[in-house]
Amino acid sequence: MKLPSEDGAKARVLAAALRNWATVDADLAPTVARLEVRQPPTWGYAATVDISDRQYKRVLAFLRDDLIENRPGYSTPERAAAVVEALLRELVAAGQIRVTAADLVEAAPRIGRSRTWIAAHITDLIESGRLRETRRADTFDIA
């Protein structure tokens with residue numbers, strides 16, 4: 001007998017809820033992303049849900065807010081560095097090739113460290129070659 005968590009029921013419920021949300025919340029904008037839901041134990045296909053740019057931004061904002069809300073009260077330097085790296089990867093995936101110090105400082109709640117720590121970490125990223133200075137102050141190319 002399979003446990004409920006292993007039979008894929010939750011994945012199918014999530015897929016149905018996402019499909020309903022995407023349909024009810026639909027706008028005429030073109031699809032910009034596709035969410036694919038898979039179910040355990042073999043991670044077989046459950047559903048694909050196409051979402052618009054507005055829906056994409058709402059889902060991403062929800063996930064980011066949830067990360068901030070559920071982060072520990074104190075972030076270690078290692079964890080904060082991993083969050084900064086993930087943020088840089090997100091920007092690159094979105095097609096951005098530059099980041100500003102203000103972008104990183106704005107993400108301070110997500111990073112879980114002070115502005116001073118972020119400024120020092122930017123210096124570390126420049127020294128390691130992950131960021132390259134540009135002619136514009138506080139603007140960096142993502143390597």
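This report describes the pockets and salt bridges of the structure shown above.

## Basis of the model

The structure is a predicted model, in which local features need pLDDT of at least 70 and side-chain atom pairs count only at pLDDT 80 or more, while totals for chains, interfaces and linings use all residues. Residues are numbered from 1 along each chain as its sequence is written, and side-chain values use heavy atoms, with hydrogens and water left out.

## The largest pocket

The largest pocket has a volume of about 420 Å³. Of the 17 residues that line the largest pocket, R64, L87, E90, L91 and R110 are the closest to its centre. Two or more lining residues come from each of helix 2 (53-69), helix 3 (77-93), helix 4 (101-106) and helix 5 (108-111). Helix 2 supplies the largest share of this lining, six residues. By residue class, the lining of the largest pocket holds ten nonpolar, one polar and six charged residues.

Several terms require definition. A pocket is an open set of points on a 1 Å grid over the protein atoms alone, where a 1.4 Å probe fits, with protein on both sides within 12 Å along at least five of seven lines; lining residues have an atom within 4 Å of a point. Grid points are joined across faces, edges and corners, and a volume is the space filled by probe spheres set on the points. Helices (H or I, at least four residues) and strands (E, at least two) are DSSP runs, numbered from the N terminus. Ala, Val, Leu, Ile, Met, Phe, Trp, Tyr, Cys and Pro count as nonpolar, Asp, Glu, Lys and Arg as charged, and the others, Gly among them, as polar.

## The second largest pocket

The second largest pocket has a volume of about 220 Å³. Its lining includes L18, W21, R34, I51, Y56 and F62. Helix 1 (9-24), strand 1 (31-39) and helix 2 each give two or more residues to the lining of the second largest pocket. Helix 2 gives the most, with six residues. This lining divides into ten nonpolar, no polar and two charged residues.

## Salt bridges between strands

A salt bridge is a side-chain nitrogen of Lys or Arg within 4 Å of a carboxyl oxygen of Asp or Glu. By this rule, the count comes to seven salt bridges. One of them joins R34 and D50, whose closest N and O atoms are 2.6 Å apart. R34 lies in strand 1 and D50 in strand 2 (residues 44-52), so the pair ties together parts that are 16 residues apart in sequence. R34 counts as exposed at 57% relative accessibility, and D50 counts as partly exposed at 36%. In these terms, buried means under 20% relative accessible area, exposed over 50%, and partly exposed in between (1.4 Å probe, protein chains only).

R98 forms a salt bridge with D141, with the closest N and O atoms 2.7 Å apart. Because R98 lies in strand 3 (residues 98-100) and D141 in strand 5 (residues 139-142), this pair ties together parts that are 43 residues apart in sequence. R98 is partly exposed, with a relative accessible area of 42%, whereas D141 counts as buried at 18% relative accessibility.

## Helix 3

Salt bridges that share partners join E85, R89 and R130 into one network.
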